[in-house]
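Student: I have a model open and would like to talk it through with you. Could you take my questions as they come?

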Amino acid sequence: DGSRAVMAEPGPKDDQKMIVFGVSYSTTKEGFRDYFAGFGEVLECELMFNREGRSRGFGFVLFKDDAVNKSVLNTQHQLDGRNLDVKLRDSQNHGRDRGGFGSAGGGFGGRPDDRPAASRTKIFIGRLN
């Protein structure tokens with residue numbers, strides 16, 4: 001039926017794929033793509049939706065040109081009245097390499113000495129309403 005995600009082998013540019021947080025629930029997939037297409041040629045662009053078809057508030061984007069990827073990462077973004085938080089997708093994986101969230105190692109980094117100082121710790125919590 002086309003609704004299932006298929007795990008694919010990582011491509012050569014997958015390390016440049018970006019995750020975009022803070023997307024408005026009213027943003028359409030066309031609006032999301034059009035916004036990022038203004039920066040350069042988009043290879044992949046996906047806005048995530050739940051089973052009911054409502055936006056989950058995040059998506060992914062990948063540009064053909066590495067220079068555009070870097071430029072987008074270093075730019076503040078606003079779409080449909082919301083500030084977007086754009087990060088390299090793989091930057092989210094650093095904790096999983098050492099045990100990850102809630103692991104037997106005791107939490108975020110897996111080892112107590114790897115935990116960042118509380119004043120520098122950032123977490124993402126989706127809209128609670």
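Student: What joins the side chains of K17 and E44?
Tutor: The side chains of K17 and E44 are joined by a polar contact of 2.7 Å, where a polar contact is a pair of N or O atoms within 3.5 Å, one able to donate a hydrogen and the other to accept it within protein, and residues adjacent in sequence count only if both atoms are side-chain atoms. Bear in mind that this is a predicted model, in which local features need pLDDT of at least 70 and side-chain atom pairs count only at pLDDT 80 or more, while totals for chains, interfaces and linings use all residues. Residues are numbered from 1 along each chain as its sequence is written, and side-chain values use heavy atoms, with hydrogens and water left out.

Student: Is K17 buried or exposed?
Tutor: K17 is buried, because its relative accessible area is 12%; buried means under 20%, exposed over 50%, and partly exposed in between, with a 1.4 Å probe and protein chains only.

Student: And what is K17 in contact with, apart from its neighbours within four places in sequence?
Tutor: With contact taken as heavy atoms within 4.5 Å, K17 is in contact with E44, F60, V61, L62, K87, L88 and R89. K87 is 70 residues from K17 along the chain, yet their C-alpha atoms are separated by 8.7 Å.

Student: Where in the fold is K17 found?
Tutor: K17 is in the segment before β1 (18–21), with strands being DSSP runs of E of at least two residues and helices runs of H or I of at least four, numbered from the N terminus.

Student: Which residue is the bridge partner of M18 in β3?
Tutor: The partner of M18 is V61, and V61 is also the bridge partner of C45. β1 and β3 pair in the antiparallel sense over 4 bridges, and β2 and β3 do so over 6 bridges, given that two strands pair if DSSP finds at least two bridges between them.

Student: What is the strand order of the whole sheet, then?
Tutor: The sheet is open, has 5 strands in the order β2-β3-β1-β5-β4, and its pairing is antiparallel. β2 and β4 (77–79) stand at the edges with a single partner strand each, so one side of each has no neighbour in the sheet.

Student: Switching to the core: which residues touch the most other members?
Tutor: In the largest nonpolar core, which has 14 residues, these are V20, F36 and F63; such a core is a set of buried Ala, Val, Leu, Ile, Met, Phe, Trp, Tyr and Cys residues joined through side-chain atoms within 4.5 Å. At least two residues each come from β1, α1 (29–37), β2 (42–49), β3 (55–63), α2 (66–73) and β5 (82–88). A second, separate core of 5 residues includes I19, F21, M48 and F60.
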